[in-house]
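Please open the structure in your viewer and keep the selection tool at hand. The tour goes from one selection to the next and says what to look for at each stop.

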Amino acid sequence: VALRHDHLLRGAVFSEPPLFSLDPAAAQVARRDLAPLVEQAIATGDRRAFVDAFFALMCPDLWSIIDETRKDRYRANADIGLADLRSPSLEVAPADLSVVTVPALIIAGTTSHPSLMSVARGLAAALPDARFVELEGSGHVTYAERPDDFANAVSVFAAELDGRMVVAR
């Protein structure tokens, strides 16, 4: 939406979007780490093991703090996750993002998978008006792992957007 219809937005918040086309090297690392999990899940049909292994790799902090009932919700959607991982990702080059005119907040966790952190940093560098915020001790799912810190970062950003609107009037 920010890329194609930014006129509809006052600002945009991104929490480690997996836009791997922004960083091909990070994409290779993610594929290298994820490929065996996907291949094993397809070969064995063990979707539960796939979800557990995926989250242990990509979202270990989240996986360590949620209970089995919440984990089961993710496990129930294993086929969607597998399909998503096997689908082509959105192709966006850093140069494409120069047309985004809205302010952006990019949030990343300090303990996130290196490939996701790299993409988040690349996104922040490519957007003309971006702020990069790291949430200490959070992994990929920043809004669930550090909800208060995430909400605070978004609230500060929203207040700054409101301040810009007052100045612009």
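Begin by selecting strand 2 (residues 104–109) together with strand 3, which run parallel and are joined by 6 bridges. Helices (H or I, at least four residues) and strands (E, at least two) are DSSP runs, numbered from the N terminus, and two strands pair if DSSP finds at least two bridges between them. What you have open is a predicted model, in which local features need pLDDT of at least 70 and side-chain atom pairs count only at pLDDT 80 or more, while totals for chains, interfaces and linings use all residues. Residues are numbered from 1 along each chain as its sequence is written, and side-chain values use heavy atoms, with hydrogens and water left out.

With the three strands selected, you see an open sheet in the order 1-2-3, with parallel pairing. Strand 1 (12–15) and strand 3 (130–135) are the edge strands, since each pairs on one side only. From one strand to the next, the twist averages 20 degrees.

Is strand 2 mostly covered or uncovered? Strand 2 is mostly covered, for 6 of its 6 residues are buried, that is, under 20% relative accessible area, where exposed is over 50% and partly exposed in between (1.4 Å probe, protein chains only). Ala104, Ile106 and Ala108 lie on one side, and Leu105, Ile107 and Gly109 on the other.

Then select helix 6 (residues 114–126), which lies across strand 1, strand 2 and strand 3 and runs at about 155 degrees to strand 3. Contact means heavy atoms within 4.5 Å; axes are lines fitted to C-alpha atoms, for helices over the stretch in contact, and angles run from 0 to 180 degrees between N-to-C directions.

Finally, go to Gly81 in helix 5 (residues 78–86).
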